[in-house]
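I opened my notebook to look a few things up in this model. Here is what I wrote down, entry by entry.

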Amino acid sequence: MNRLDLDTLEKWYLNNYEDKLLGRRIVLEDIEPIINSLKSPFAVKQLGTSEEDRNIYHITLGTGPKKILLWSQMHGNESTGTKALFDLFKYVEDHLDNDLIKDLLKTCTLIFIPMLNPDGSTNFTRVNANDIDLNRDAVDLKAKESNLLRDVLNNFNPHFCFNLHDQRTIFNVEGFKNPATISFLAPSVDEERTLTNGRKETMAAIVAMNATLQETIPNYVGRYTDEFYPTATGDNFQKLGHNTILIEAGHYPGDYNRNIVRKYNFYAILSGLKYLVYHNDYTNFEPYFDIPNNGKQNYDFIFRNVIDDQNNQVDIAFQYEYEVVNNELVSKLVEYQRGDLKEFNAYNEF
């Protein structure tokens, strides 16, 4: 019962992922019709509204004693987790007679907030409409959206949280040229990065998720830095006693729209939920430290051996940046670094 049947899952996913959600920019208008079409065993209600009065939804699944809170797009330009959650919803709908889903509904109560920052999602920005980074607002709680999430946390009192983010293409798996397609983190509760029981339990769940991904994308999984951020959501929730699993969805070769990465994000979430359904003893945490750290050695483009205006031979690295123009997401290449970049890799080299 520890591992997913990835062959069967892959066949299902190929024809059944949520194909109404594609690309990097996912906005409220994309997900709202799908949310409103959800039927039992899902229970949908409006949690509240954003700073610009866009709807924020709260979806409940299951009736069991083990409580799990999952949220995505607290950064509006990080939508891979949102797509993965809707893939999960379809999987649940298609597998109500499956033992795992029956046990999930019986063992767990899950609350999903699939888009916490709909204003940022519209603008494709990290911040909300008032220029507040919700992931650095866990102490001040200046934003409406931050307060909505905290109210759910306080009222629901989850045992585990899944905090879903995207990370930039610069991140590689340390020791490999491979991008960090998925990275995990068990957030710290203090500057000393104390290994509390809660962190150990979080790490044990991540160990199970990593084992699943290593079967399908070996050496494409990294470990995000556990530096303590005093105002960060995950760090504070972990400190409050809610085991928080941070999943960072990154790059996969050629997949700038993250329509492949979403699948591995979905696999990670589903395998994590399966682990939590069938385990109450979270002692297998030490393999967490075997997951390679994230490096920062990858660029989108590197032009090698360029002769510059001073007749020097240099390498020039570029990264994609994105903005919304006429309600469409457009990308542009921006120079990030030049010099001797032999220690760096690129997804495209010239």
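Which residue in strand 2 is the bridge partner of K45? I found H58.

Before going on, I noted that this is a predicted model, in which local features need pLDDT of at least 70 and side-chain atom pairs count only at pLDDT 80 or more, while totals for chains, interfaces and linings use all residues. Residues are numbered from 1 along each chain as its sequence is written, and side-chain values use heavy atoms, with hydrogens and water left out.

I took helices (H or I, at least four residues) and strands (E, at least two) as DSSP runs, numbered from the N terminus. Two strands pair if DSSP finds at least two bridges between them.

Next I checked burial, where buried means under 20% relative accessible area, exposed over 50%, and partly exposed in between (1.4 Å probe, protein chains only). Five of the seven residues of strand 2 are buried. Strand 2 is also joined to strand 4 by three bridges, and these two run antiparallel. I59 has F112 of strand 4 as its bridge partner.

I then followed the whole sheet, which is open, has eight strands in the order 1-2-4-3-5-9-7-8, and shows mixed pairing. Strand 1 (42-49) and strand 8 (221-223) are at the edges with a single partner strand each, so one side of each has no neighbour in the sheet. On average, neighbouring strands here are turned by 20° against each other, direction ignored.

I found G64 in the loop between strand 2 and strand 3. G64 is buried, with a relative accessible area of 6%. I counted a contact when heavy atoms lie within 4.5 Å. Leaving aside neighbours within four places in sequence, G64 is in contact with L105, K106, T107, C108 and T109.

C108 came up again in the strands: strand 3 (residues 66-72) and strand 4 (residues 108-113) pair in the parallel sense over six bridges, and K66 stands opposite C108. Is C108 buried or exposed? C108 is buried, at a relative accessible area of 0%.

I looked for disulfides too, meaning pairs of cysteine sulfur atoms within 2.5 Å, and the count came to zero. The sulfur of C161 has its closest cysteine sulfur in C108, 13 Å away, which is too far for a bond. C161 is buried as well, with a relative accessible area of 0%.

**Entry: helices on the sheet**

For angles, axes are lines fitted to C-alpha atoms (for helices over the stretch in contact), and angles run from 0 to 180 degrees between N-to-C directions. Helix 7 (residues 197-216) lies across strand 5, strand 7, strand 8 and strand 9, at about 35° to strand 9. Helix 9 lies across strand 3, strand 4, strand 5, strand 7 and strand 9, and runs at about 170° to strand 5.

For its 18 residues (261-278) that gives 26 Å, and the end C-alpha atoms are 26 Å apart, which agrees. Of those 18 residues, 17 are buried.

Helix 2 (residues 28-37) has L28, I31, E32, I34 and I35 as its buried residues. They pack against strand 1, strand 2, helix 3 and helix 5.

**Entry: the nonpolar cores**

A nonpolar core is a set of buried Ala, Val, Leu, Ile, Met, Phe, Trp, Tyr and Cys residues joined through side-chain atoms within 4.5 Å. The largest one has 70 residues, of which F162, I247 and F266 touch the most other members. Helix 9 gives the largest share of this core, 11 residues. Another core, of 18 residues, lies apart from it and includes M74, I111, L116 and L149.

Strand 12 (residues 313-325) pairs with strand 13 in the antiparallel sense over 11 bridges, and D315 stands opposite G339.

Note on methods
The expected span of a helix is 1.5 Å times one less than its number of residues.
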